[in-house]
Amino acid sequence: MKQILFILFSIFFISSCQKKEEKEIVYFKNYDETSQLENQQKHEKKRMQFKLFQSKILDMNEVFKPFYKELTQFTEDNYEDLKPLILEQDIPSIQKSVQEGKLSYEKLTLFYLYRIRKFESDSTLSLNSIIALNPNVLKEAREKDKKKENISEFSMYGMPVLLKDNINTKEMPTTAGAVALQKNETESDAFIVEKLRENGALILGKVNLSEWAYFFCSGCPLGYSAIGGQTLNPYGRAEFETGGSSAGSGVAVAANFAVVAVGTETSGSITSPSSQNSVVGLKPTIGVLSRSGIVPISSTLDTPGPMTKNVTDNAIFMNAMLGFDKADKASKKIDEDYFQNGFPTELDGIKLGVLSSLLTDSIYALTVDKLRKVGAEIIEITPPEISFDGFVTLLNIDMKHDLPSYLKNNADKSISIKNVNDVVEFNKKDSLIRAPYGQQLFDGIVNDKTTLTELKEIKKNLKAEAEKYLQALKDESLDAILSINNYHSGIAAVSFYPTLTVPMGYKKSGEPVSLTFIGVPFSERKLLEIGYVFEQLTRVRKMPKNYQ
């Protein structure tokens, strides 16, 4: 009897210790950022003079709680063993490793969860890129492993994906980085998320963004949100800007926190963070990908798009999000496979427009010379001066109407805010937490009295001016015009032209620079083909040195 009691006591004691240990382990700890912030005030860029780094709202220990057991069994040795199979590998290579039995979708997902925790819990390396994780993702990965036979190497099946946190998902709130939407737990997925699931992708989690997709405060830091804190660039932590508004998407892909990520763009919000973080970003023509279930700025200009480490993954990812959405009035029926039969390996017969004003940039000029030497026909162009009057008005009036529509039809019914003015008033109640950099752009939306008739004329004029700037695409029968980073994203946006940005090099400081291809509407496949040849020719992308 004594022996039985001793055994029972031992079991109870061990169990109690395990529970105690589980409660006591805290991976994410708040740190004193005072000296770091003081030093940040010396930064030459005003919007890099941060007021804070850490979120005052998010508890990453709670975010990781569903994975405690599995991650305690996943060791540093496991992590190191999997590195060569995962880091910087494209989708076909990862799928091949799975099919050969060297990797599983569960291990792939565990690797990313471990890696995110490893870096984001280190106060000297944290990038503040993650806002939420799908609590069911490991279970879903195990289900994928049961049915992994005969999976194409060009499939998104089993690939962990991160989403910008303005894209609806059932398992996680969709906040747009704003406290007003902190409990926006939607009943359904955004249309593109439905398509990703249909194609077997794993939704790993949500990433940080410039709050309200960077149409909220004026001159404030890129990559900041009240929910997620300040996103940081892995190539120069607190030194280089992250780009915006899809900052978390660009940062997370660059740091290898997932296979791929989804960004959204109104004007530069994919091309900017892709360029700043040395990843490949595609902003499709409006209507190619659905916007349903995405917190909007502008129903005229908004689009989601893929952000990846290479062009091959970008094309595969595009295929997995494609589909006609009758709920999105801009949606088009696109009969396209962005990777079928692969890509060409040379640029013979390709005509590229080079902007004469950019040839003073040494990296751009050197790149143009390389493209000429491998067979591309280079046409130097000098577009006319154009007027961009009314651009902010377009965004103001669209958001004034589009945000209430999202809140009514796609948000959690418990959300009390119904329009932009409600958000402004909500934030005033605790501005230090909810709007530390102000909310000047939201104030501008509230005060803008432009009518819908006037807006229609503004859109028409902007489109005409932008098309005039890009007229050489048609006049010279160009396959693409070459730009740098997001320099001409606004022009491409209002003309409804797609853009693809691909890593081009690094400044002496180490800051990434990208080449951006602008094409005519619905030329995404052509842009990807040209981008692929350019990528293979240059192969400049390198991992951020502190995140290897």
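Student: Which residues of helix 6 (residues 91-99) are buried?

Tutor: Keep in mind that this is a predicted model. Buried means under 20% relative accessible area. In helix 6, the residues that count as buried are Ile91, Pro92, Ile94, Gln95, Ser97 and Val98.

Student: OK, and what covers the buried residues of helix 6?

Tutor: Look for contacts, meaning heavy atoms within 4.5 Å. The cover includes a strand, strand 6 (260-265). Helices are part of the cover too, among them helix 5 (76-86), helix 7 (105-120) and helix 13 (311-321).

Student: Which residue just after helix 6 takes a positive phi?

Tutor: Step just past the end of helix 6 and check the backbone there. The phi is about 85°, and the residue is Gly101.

Student: What share of the contacts in the chain with a separation of 6 or more comes from residues 24 or more positions apart?

Tutor: The chain has 22 helices and 13 strands, and 59% of its residues count as buried. For contacts with a separation of 6 or more, the share from residues 24 or more positions apart is 76%.

Student: Now the largest pocket: which residues are closest to its centre?

Tutor: The largest pocket holds about 670 Å³ of space, and 36 residues line it. By class, the lining has 14 nonpolar, 16 polar and six charged residues. Closest to the centre are Arg47, Tyr214, Leu222, Ser267 and Asn486.

Student: Which strand supplies at least two residues of the lining of the largest pocket?

Tutor: Several helices do this, including helix 10 (211-214), helix 15 (391-409) and helix 21 (489-495). The strand that does so is strand 13 (512-518).

Student: What volume does the largest cavity have?

Tutor: The search of the whole structure finds three cavities of 30 Å³ or more. Strand 4 (224-225) and helix 17 (431-434) each give at least two residues to the lining of the largest one. Its volume is about 50 Å³.

Student: And how many nonpolar residues are in the lining of the second largest cavity?

Tutor: That cavity has about 40 Å³ of space, and its lining includes Phe215, Phe216, Cys217 and Cys220. By class there is one polar residue and one charged residue, and the nonpolar count is seven.

How values were computed. Residues numbered from 1 in each chain as written. Predicted model: local features only at pLDDT ≥ 70, side-chain atom pairs only at ≥ 80, totals over all residues. Heavy atoms only, no water. 1 Å grid on protein atoms, 1.4 Å probe; cavity = no way out; pocket = protein on both sides within 12 Å on 5 of 7 lines; lining within 4 Å. Points joined across faces, edges and corners; volume = space filled by probe spheres on them. Helix = DSSP H or I, 4+ residues; strand = E, 2+ residues; numbered from the N terminus. Nonpolar A, V, L, I, M, F, W, Y, C, P; charged D, E, K, R; others polar. Buried < 20%, exposed > 50% of the residue type's maximum accessible area, 1.4 Å probe, protein only.
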